[in-house]
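My entries follow the order in which I looked.

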Amino acid sequence: VFPSLAQAQASVANEVYRELGQPPVFLFCPTEYCSSLCSPSPAQSRYLLTLGQELLPGIAVIWTGPKVVSQELSAMLLEEVEGVLQRRPVIWDNLYANDYDCRRVFLGPYTGRAPGLMPRLCGLLLNPNCELQANFIPIHTLGSWFQSELGSCAHPDHAGMETAALGDSHSPREGSYDPQEALELALLDWVAEINRQALEPGR
């Protein structure tokens, strides 16, 4: 019935979106959802180009970055993705995901995300560790990153600025996100939360 997979997916997604009354949040995860899955690249992918043309404007598209689990995200890559999809992507961030290897738990700070990404995003979803309690630091430090991004949006002259080394805390711009500082703040709050729970009856 359809000349391509992308046209088939876009047609079904559009029909469901309309049937639901065009809700304000409607997420579509493409088959090519990161750069490593695109052929030959995001900007030259016929699949993504077709989706960008065919999907209704109110449908948001999920993207994980250069890879399924991306160590870094840059404004340059997001600009490329926005161009081909004709909309800002929703980042599905797998930085902390451990469902592919349950022997690993990720407790470091949210890092590797260049400053000034907010204007390039339609939204951001964090895929956490499977172990609930292990996500205190990831979510806490994500909150610190988000607050710093709101600050950069309030000062548009800084928006989109890249650092030479992502996550470098040795010479941070004033008011910018410092992963090490965010980690220390998260640890202080986590210890306080553990102590609070320890005093609860029955603990």
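The entries below begin with the ground rules and then go from the sheet to single residues.

Ground rules. I am working with a predicted model, in which local features need pLDDT of at least 70 and side-chain atom pairs count only at pLDDT 80 or more, while totals for chains, interfaces and linings use all residues. I number residues from 1 along each chain as its sequence is written, and my side-chain values use heavy atoms, with hydrogens and water left out.

Sheet. I took helices (H or I, at least four residues) and strands (E, at least two) as DSSP runs numbered from the N terminus, and I called two strands paired if DSSP finds at least two bridges between them. On that basis I found 4 strands in an open sheet, ordered E1-E2-E3-E4, with parallel pairing. Strand E1 (27-28) and strand E4 (123-126) are at the edges with a single partner strand each, so one side of each has no neighbour in the sheet. I then followed E1 to strand E2 (residues 60-63), with which E1 pairs in the parallel sense over 2 bridges, and noted that Leu27 has Ala60 as its bridge partner in E2.

Core. I defined a nonpolar core as a set of buried Ala, Val, Leu, Ile, Met, Phe, Trp, Tyr and Cys residues joined through side-chain atoms within 4.5 Å, where buried means under 20% relative accessible area with a 1.4 Å probe, protein chains only. The largest such core has 34 residues, of which Phe28, Leu48, Leu51, Leu55 and Ile59 touch the most other members. H3 gives the most to this core, with 6 residues. I also listed the contacts of Phe28 (heavy atoms within 4.5 Å), leaving aside neighbours within four places in sequence, and they include Gln9, Ala13, Tyr47 and Val61.

Helix H3. The buried residues of H3 (residues 75-85) are Ala75, Leu77, Leu78, Val81, Val84 and Leu85, and they pack against helix H2 (46-54), E2 and strand E3 (90-93). Following H3, I noted Gln86 with a positive phi, near 60 degrees.

Asn129. I placed Asn129 in the loop between E4 and helix H4 (136-154) and found it buried, at a relative accessible area of 3%. The side chain of Asn129 reaches the backbone oxygen of Phe106 at 3.0 Å.

Ser148. In helix H4 I looked up Ser148, which counts as buried at 14% relative accessibility. The side chain of Ser148 reaches the backbone oxygen of Trp145 at 2.7 Å.

Technical notes. Buried < 20%, exposed > 50% of the residue type's maximum accessible area, 1.4 Å probe, protein only. Polar contact = N/O pair within 3.5 Å; in protein donor to acceptor, adjacent residues only side chain to side chain.
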